Amino acid sequence: MTDERIIAYLLEELPEDDLERFEDECFAQESWPTQIDLVEEELIDNYLRDELTPERRHRFEENYLTTEARQERVSIAAGLLRHIDEYNASPKPIVVVPPTEPTLAESFRAFWRRKTWGLRGATAFAIVVVIAGTLWLLIPAPSPRTFATLTLTISNSNRAEGAQAGKVKLPSNAEALKVSLTLPQQSPPAERYRVELENINGETKSVEVVERDAQSVLVVIPAAQLEPGQYALKLFAIKTDDTEQRISGSYFFIVV
């Protein structure tokens with residue numbers, strides 16, 4: 001069983017009679033021949049390094065890459081070879097070593113060529129875990145979000161009449177305003193709620209409802225959307241059949 005015959009088998013180049021004899025030889029053994037795994041790995045390596053003839057490269061793509069398992073092998077090998085090449089291309093300090101000692105890259109490459117795909121996969125997973133752990137330690141944790149807070153009750157007055165409105169001053173580092181809307185005593189039953197913000201220009205847009213309970217609804221408004229002036233929040237009850245009912249009145253507040 002020569003390497004050339006194994007490659008011909010993998011690329012489906014063997015005539016039908018030779019193919020049957022080849023498979024009989026393989027299945028006659030107690031386990032799948034290790035030589036085939038080694039030759040297959042070498043074939044993938046040659047393909048990734050563009051060392052196959054145009055004819056064999058075409059057969060590799062048409063006849064070998066026909067299953068998800070093989071495609072995954074090639075993808076894993078491509079990623080690891082890319083890391084090896086990047087390591088070899090990066091500048092390294094000059095270290096005097098005995099001439100008979102292989103370099104780290106050479107040792108790794110020799111180790112890699114000797115291992116089966118199962119062990120390669122385990123090694124690749126270990127490398128990914130180490131890299132992910134290093135990045136987790138190096139990347140600083142995001143700072144907690146900063147909110148200004150406000151609690152409002154509903155009013156049946158309108159803005160023109162100067163309804164009693166809550167006042168809030170947004171600190172310079174505040175990312176958003178968190179507003180707790182106290183539900184009126186006779187509010188209709190609701191599966192969930194929707195809230196609209198009417199800005200100082202009379203424009204309306206929906207705001208995020210982050211929490212609700214039997215007494216209140218909590219919304220968050222980005223600070224970038226709040227200029228100094230008076231605002232109104234309108235509350236809508238959404239029933240189980242997805243129909244909406246506007247809760248009479250508005251929640252007013254002033255940004256100073």
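1. Contact here means that heavy atoms lie within 4.5 Å of each other. With that meaning in hand, and remembering that this is a predicted model, we can turn to serine 216, which lies in strand β6, the stretch of residues 216–222. Leaving aside its neighbours within four places in sequence, serine 216 is in contact with Ser180, Leu181, Thr182 and Leu183. Is serine 216 buried or exposed? Its relative accessible area is 17%, and because buried means under 20%, serine 216 is buried.

2. Glutamine 185 has its place in the loop between β3 (176–182) and β4 (192–198). With a relative accessible area of 80%, glutamine 185 is exposed. How far is the C-alpha atom of glutamine 185 from that of glutamine 215? The two C-alpha atoms are separated by 8.5 Å, although the residues stand 30 residues apart along the chain.

3. Helix α1 covers residues 3–10, and its buried residues are Ile6, Ile7, Ala8, Tyr9 and Leu10. Against which helices do the buried residues of α1 pack? Their partners are α2 (16–27), α3 (34–48), α4 and α5.

4. The pairing of α1 with α3 can be described in some detail. In general, two packed helices are described by the angle between their axes and the distance between the axes. The axes of α1 and α3 come within 10 Å and cross at roughly 70°. Because angles of 65 to 115 degrees count as roughly perpendicular, α1 is roughly perpendicular to α3. On the side of α1 the contact is made by Asp3, Ile6, Ile7 and Leu10, and on the side of α3 by Gln35, Ile36, Val39, Glu40 and Leu43. Sorted by class, the contact of α1 with α3 has six nonpolar, one polar and two charged residues.

5. Which residues of α4 take part? Phe60, Asn63 and Tyr64 in α4 meet Arg70, Arg73 and Val74 in α5. The residues of this contact of α4 with α5 divide into three nonpolar, one polar and two charged.

6. Glutamate 12 follows α1 and has its place in the loop between α1 and α2. Its phi is near 60°, a positive value in a residue other than glycine. Aspartate 50, whose place is in the loop between α3 and α4, likewise has a phi near 60°, again a positive value in a residue other than glycine. Are these residues buried or exposed? Glutamate 12 is exposed, with a relative accessible area of 53%, and aspartate 50, at 53% relative accessibility, counts as exposed.

7. Asparagine 46 lies in helix α3. At 18% relative accessibility, asparagine 46 counts as buried. Not counting residues up to four places away in sequence, asparagine 46 touches Glu51 and Leu52.

8. How many aromatic pairs does the structure hold? There are four aromatic pairs. In one of them, the rings of tyrosine 231 and phenylalanine 253 have their centres 5.4 Å apart and their planes at 15°, so the pair is stacked. This pair links distant parts of the chain, since tyrosine 231 belongs to strand β7 (residues 229–238) and phenylalanine 253 to strand β9 (residues 251–255), 22 residues apart. Tyrosine 231, at 1% relative accessibility, counts as buried, and phenylalanine 253, at 0% relative accessibility, counts as buried too.

9. The charged end of lysine 178 sits over the ring of phenylalanine 147, 4.3 Å from its centre. The charged end of arginine 246 sits over the ring of phenylalanine 236, 5.8 Å from its centre.

Technical notes. Residues are numbered from 1 along each chain as its sequence is written. This is a predicted model: local features need pLDDT of at least 70, side-chain atom pairs count only at pLDDT 80 or more; totals for chains, interfaces and linings use all residues. Side-chain values use heavy atoms; hydrogens and water are left out. Helices (H or I, at least four residues) and strands (E, at least two) are DSSP runs, numbered from the N terminus. Ala, Val, Leu, Ile, Met, Phe, Trp, Tyr, Cys and Pro count as nonpolar, Asp, Glu, Lys and Arg as charged, and the others, Gly among them, as polar. Buried means under 20% relative accessible area, exposed over 50%, partly exposed in between (1.4 Å probe, protein chains only). Axes are lines fitted to C-alpha atoms, for helices over the stretch in contact, and angles run from 0 to 180 degrees between N-to-C directions. Angles under 35 degrees count as roughly parallel, over 145 as roughly antiparallel, 65 to 115 as roughly perpendicular and the rest as oblique. Rings of Phe, Tyr and Trp (its six-membered ring) pair if their centres lie within 6.5 Å; planes under 30 degrees apart count as stacked, over 60 as edge-to-face and the rest as tilted. A charge sits over a ring if NZ of Lys or CZ of Arg is within 6 Å of the ring centre and within 35 degrees of the ring normal.
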